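Open the model in your viewer and keep the selection panel at hand. Each stop says what to select and what is there.

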Amino acid sequence: MTISDQSKHMHRAIELAQRGLYTTDPNPRVGCVLVKAGEVVGEGWHARAGGPHAERVALTAAGVAARGATAFVTLEPCNHSGRTDPCSEALIAAGVAQVVCAMRDPTPWVSGGGVEKLTQAGIEVDVGVLEDEARMLNPGYLSRALRGRPLIRSKLAVSLDGRTALANGVSQWLTGEAAREDVHRWRARASAVLTGIGTLLADDPALDARLGDSTIDLRHPSRIIIDSRLRTPLGAKTLSLPGERLIFTRASDPDKAAALAAQGVAVERVGGDGQCDLREVARRLGELEFNEVWVEAGPRLNGALLRAGLIDELVIYIAPLLLGNAARGMFDLGELTALAQSPRLMLDECRQIGADLRVIARPANVPDA
Ligand SMILES: NC(=O)c1ccc[n+]([C@@H]2O[C@H](COP(=O)([O-])OP(=O)(O)OC[C@H]3O[C@@H](n4cnc5c(N)ncnc54)[C@H](OP(=O)(O)O)[C@@H]3O)[C@@H](O)[C@H]2O)c1
């Protein structure tokens, strides 16, 4: 098979994996294509945790045609029994002749084991076809495996002069309908939407995810509130919406915690000097199997997250209006006295969404997973 044919089939496997964008969490998005004598004989993708993995779906679709085929998989096949049996064994049992995977799975429970098992069974294995593209399917899963914390993206809606809210706190809505729909797609792909108590008290935001496409069986992202003093009102809108709700706090207030628990809201105490230790929060979110976390907070929490090196990506919507110098900024960073102290960013993307601009940037000092 030529390199261009290999790329074509892996590209298709990546397209299939993308169908799980909103549903596989906490599992990775994975696609698989089975090819025999130049013809595609089976395709599959992983749709939902607990459901069959991409390789099994493709093997079932191919039936006996899988014997002697080449499997293109976007991630190293698993080699452990979880809710389903190992895919490496299924590929061997089906008599697949060759496996081409885009990348190894760095999680400790796979990490090379799938490739080894296949190779021991006499199957030829190639790794690394379209690896960069495949990595982009699962940035949060990889972050959790390699750094022990989720990928953290922070969204800010700002005026063209970089302001997030009026001095009196009013910020809804700076951006137009198209940008707000875009935000719903980012929320929907995230494991959790995280906010600060400042935003919760000022805006009482819903923070749920709504997609226009009713064919997608959406998994509701969890909502996380960073609230050192446990001031979250019991009637906060986001607490009444479906999906897990979790508050990180420094406070010990058993009555309030019990009232929240009665509403199904979990409260976890974390360390910290007065305020919540955000690195501890991030580690805990990794333990809880959150892959991608989408932050919608004000300048205080955003400033603290940025200073702690916990923001991997900024998604900034810039609305064509001006709020003036009395309005609030994006990040509380204290007073900088030299440009050398200012966090540097790398721009990844700039595009127009409706009447607004969307800029995606990465803090330069936060290493990728
Ligand atoms: N334009 C936008 O995209 C956008 C998005 C969201 C919000 N906003 C606006 O932002 C404003 C609220 O901003 P805000 O800065 O007050 O609220 P915030 O950033 O949402 O929340 C800040 C609060 O988080 C708590 N916190 C806990 N641990 C922390 C830590 N380690 N570091 C920092 N904070 C910690 C603190 O309260 P405790 O000490 O009590 O825990 C702090 O006051 C509102 O006007 C809202 O409309 C704008």
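**Before you start.** This is a predicted model: local features need pLDDT of at least 70, side-chain atom pairs count only at pLDDT 80 or more, and totals for chains, interfaces and linings use all residues. Numbering starts from 1 along each chain, following the sequence as written. Helices (H or I, at least four residues) and strands (E, at least two) are DSSP runs, numbered from the N terminus.

**Stop 1: helix H11.** Select Pro-299, Leu-301, Asn-302, Leu-305 and Leu-306, the buried residues of H11. A residue is buried if 20 or more other C-beta atoms lie within 10 Å of its own, exposed if 12 or fewer, and partly exposed in between; C-beta atoms are placed from the backbone. Look down the axis of H11: its buried residues fall within an arc of 165 degrees, so they line one face of the helix. The arc is that of the directions from the helix axis to the C-beta atoms. Just after H11, pick Gly-309, which has a positive phi of about 70 degrees.

**Stop 2: helix H1.** Move to residues 3-18, helix H1. Which of its residues are buried? They are His-9, Met-10, Ala-13, Ile-14, Leu-16 and Ala-17. Viewed down the axis of H1, they fall within an arc of 160 degrees, so they line one face of the helix. The face turned away from the buried side carries the exposed residues Ser-4 and Asp-5. Show the packing partners of the buried residues, including strand E1 (31-36), helix H2 (54-62) and helix H5 (131-135).

**Stop 3: Val-33.** Stay in strand E1 and select Val-33. Val-33 counts as buried because it has 29 C-beta neighbours inside 10 Å. Leaving aside neighbours within four places in sequence, its contacts (C-beta atoms, placed from the backbone, within 7 Å) include His-9, Arg-12, Ala-13 and Phe-72.

Notes. The expected span of a helix is 1.5 Å times one less than its number of residues. Two residues are in contact if their C-beta atoms, placed from the backbone, lie within 7 Å.
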